[in-house]
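I opened a new page for this structure. These are my notes on what I looked up.

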Amino acid sequence: MNKKPRSLIRIIIPVVLTLVTIALIVWPMLAGGQYVVLDPKGPIGASQRDLIVISTILCAVVIVPVLILSAVIVWRYRDKPDNKSAYEPNWSHSTKAEAIWWTIPIIIIGLLAIVTIRYTYDLEPSKPLASEKAPVTIQVSSLDWKWLFMYPEQGIATVNTLNIPADRPVKFELTADSPMNSFWIPQLGGQIYTMSGMAMTLYLQADHEGQYWGSGANFTGEHFAQMRFDVNATSEEDFDKWVREVKQQSQPLTQEMYKTLAEPGTSNVAYYSAFPEGLFQDIVTKYVVNGQSAHSKHGEASGAKEITTNDVDKSAN
Amino acid sequence: MLERLKEFASEFFVTGDPLIYGADVAIGITMITIVAVLTYFKKWGWLWRNWLTTVDHKKIGIMYIIASIIMLFRGGVDALMMRLQLAMPNMDFLHPEHYNQVFTTHGTIMILFMAMPFMFGLFNVIVPLQIGARDVAFPFLNALSFWLFFLGAMLFNLSFVIGGSPDAGWLSYPPLSELSHSPGVGQNFYIWGIQISGIGSLATGINFLVTIIKMRAPGMKWMKMPMFTWSVFSTCIIILFAFPILTVTLALLFLDRFAGAHFFTLDLGGNPMMYINLIWMWGHPEVYIVVLPAFGVFSEIVSTFSKKKLFGYKSMVFAMLIISFLSFFTWAHHFFTMGSGADVNAFFAVTTMLIAIPTGVKIFNWLFTMFRGRIRMDTPMLWTIAFIPCFIVGGMTGVMLSVAPADFQFHNSYFLIAHFHQVLIGGVVFGYFAGLYYWWPKMFGFQLPEKLGKWAFWTWNIGFYVCFMPQYAVGLMGMTRRLSTYGWDTGWWELNFVSTIGAFLMGVGFLFQVAQIADGIRKYKTLKASGDPWGGRTLEWSIPSPAPEYNFAITPRGDDIDEWWEEKERRAKGIYPPEQPLEPIHMPKNSAIPFIMSIFWFIAGFGFVFGWLWMAILGLAGVGICMIARSFSYDTDYYIPVDEIKRTEASLRGSV
């Protein structure tokens, strides 16, 4: 009856649907959330962002043309009576063509592999950062379900909040008194697992003062979602001032208090003017049997730095 | 006494959550309805003779697929519950503990109890038909595999109402999954559900390897095998080497929990990191186990619906075998952040990237199969065409994740979640749907209504992109997986909200599919399919739909990759194969032992879950008795006489 409006509708509906879908996907992406991974504030995060950009471009070089080619092929060779493009039902082999599409991915992956290997050695987490300033050491332990930060050089400790001096490397030593978690401050750089029975090393640096955040990125049970913490990167003076304030205004963390803290449960932000000496080593060596930990095969050269009882004895001397 | 009974019941049954009470009622009503319907229509005998005791590969395949679709529903409801909880910040829909159970069962069910059985269902229905065989190599073992899978899956699902669900993630990393941190029985359900069905998976792998090696039609040389059969072969090789690792790993975890061993505990020298390595030595190959058959399905469909030979057959075969091989050398990319050092990370980054090469070649070959073809847009082909761009993008993000130092920023974030859902839904689920639509007429003898199928296709696809594209973005905003809640200050809610809309669209797509199947069953008389409804190319299309019990009245030849296509060409030219006399067909007899033995496995598993040794021993003794009974049963086969074959063929061909 009314053939024309119907065919118009058949065009309009898909167009509208496509536009709505695209709008629905693009709108939240531009809605104002912060792309922390793409907006790094430190050298490690910046290199990782560069690497993400490089790998995206390398992949896109092949993928975009292939996507276009797919669309063209599907459109051009659809089964319509008036389709005049070639039809060769038995054409199923061409050494030349296949050589081309074995070669293209080999080249791209080859390039990407070279870049990846270089960056893998450059960004090895336990490698110290090049800087004129000596790094500040912070010992981190993930607990169920909170973070304990110990500042051995300053002698203070905090829970679920982290203060670091800006523009100076930070050496994180990480362990866990709980199931494996992962320590991640996206704007400073990539994460690393915190595992009981061993100490990991991760160097990060905040180039600029500012407030960032970190989280526990590996599932550890019931209230693991509460393991988010603030990261305040301040000037050297402000950092020292903050340390003095914590020393003056807070209670020390005692062994008993630590035991309570390590119990499963959530925790508010807390500050301690002192913590038991060697607490970090105690956590690392908690499960050592007869001077042997289960992971004694991990070497120094690999990221997982092993602290055996010998090391502890030395540090006690 | 009553008090003790009450106390026991409150621990035994899951209590306290209105959602679960609702589900209890629903399960109860469904069971009563099923029993009532079977009794009313006097179908118990039919059920027992035709289904529960069958060794027919086609029926077993259909049962696999039905079970997997039910599991898709359960896993999908889990997914929607998670998406509801994450739709807005600070939602209070699911308590964290409940949320943790939901994502654990979602992952476990979707991979092990949805994707695996769906895949085995397609293997079962199609492989013997494609290679011109009368059944699989070991029909009894095949039935046993199915029932082990089914009762394993049921045991796992039982944890929903009895004892409590596992909540340590789909791979149950220790020490979280150890007694020290998960004292409940949920983890035991996880271990035994997977163990029991895992035996079935391994047996299926062996069964199909032997079937493909030994039972191909005369003339079907290795390089003349249809591509789906090749994909099954490649997958079965992976199963053969990967599943024993899973079994051993979970057995060790169980020894930790049950017998106080210390393989993966924190104390007394246990090493949880060893578990993570072992489970991924199975877990990564597992990804290729489920995706390779999907590749096989796409290869068949692309060729059929482009009316053109598959391009680059040899490349396709070698690409799949290379993927099978490489799949065993990439496992550590799941934990680049464990600090194994630059040497290890560089090695596993490169091996992971290498897989992109054969996969890329396969994409090109599919594209060039369509090039200079004539593409028909029926539902199987629609899913195939949707797969290509989806998988290209998913593959690209996979390569990005394999760049080890960059992975330090992607790991455990929603970027990763979006990636693996894109390859698992866009690759595996789309592939199995395409396969189901493609072979549906062969299984049931009627076509599915196309219109509802197209509605399902479009809602699924739009839903997919609306759900998962925002998840890439929210990953780059630092949102990590398995968070049960997040705050307003994160800036994540818009993306999560839209993602939830997409998830529900996919749910609507699933409902369309259910409606499509229901509508098809209602109108099946008008939708009758011929033996070859799509213009097929391989041997399964040369026989009537649905295939008769014995598959081929006369053993076919398989001299060409597209044997049936060539045969049709020859017939068009008036060249007919010489008449061959019918001969009695040797067939395996039905057996109740697989079903009964699996029930005993279920009893044993249940006993181990609750630590009731008497029950476990009882179950294992039953398993042993079944094995002995089988060893002494000699009456396991029979012949179908020529008259009966003639009658069957006449009625089937007549109705075509």
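My entries below go from chain A to chain B.

Entry 1. I noted that the model is predicted.

Entry 2. I looked up how chain A is divided. I found domain 1, made of 35–64 and 101–123, and domain 2, made of 136–287 and 303–316. I then looked up the spacing of the two domains of chain A, and their C-alpha centres lie 31 Å apart.

Entry 3. How many residues of domain 1 of chain A are in contact with domain 2 of chain A? I found ten on the domain 1 side, against twelve residues of domain 2. On the side of domain 1 of chain A that touches domain 2, I listed five nonpolar, three polar and two charged residues.

Entry 4. I turned to the record for chain B. An unreviewed UniProt entry annotates residues 40–559 of chain B as "domain: Cytochrome oxidase subunit I profile". Over these residues of chain B I noted 68% helix and 0% strand. The end C-alpha atoms of this stretch are 51 Å apart.

Entry 5. I picked one helix pair in chain B: helix 5 (residues 96–130) and helix 8 (residues 227–259). Their axes are 9 Å apart, and the packing angle is about 120°.

Definitions and conventions: Residues are numbered from 1 along each chain as its sequence is written. Chains are lettered from A and ligands numbered from 1 in the order in which they are written. This is a predicted model: local features need pLDDT of at least 70, side-chain atom pairs count only at pLDDT 80 or more; totals for chains, interfaces and linings use all residues. UniProt positions are given in the numbering used here, feature names are shortened, and annotations may be inferred rather than shown by experiment. Helices (H or I, at least four residues) and strands (E, at least two) are DSSP runs, numbered from the N terminus. Domain bounds come from an automatic or database domain assignment. Two residues are in contact if their C-beta atoms, placed from the backbone, lie within 7 Å. Ala, Val, Leu, Ile, Met, Phe, Trp, Tyr, Cys and Pro count as nonpolar, Asp, Glu, Lys and Arg as charged, and the others, Gly among them, as polar. Axes are lines fitted to C-alpha atoms, for helices over the stretch in contact, and angles run from 0 to 180 degrees between N-to-C directions.
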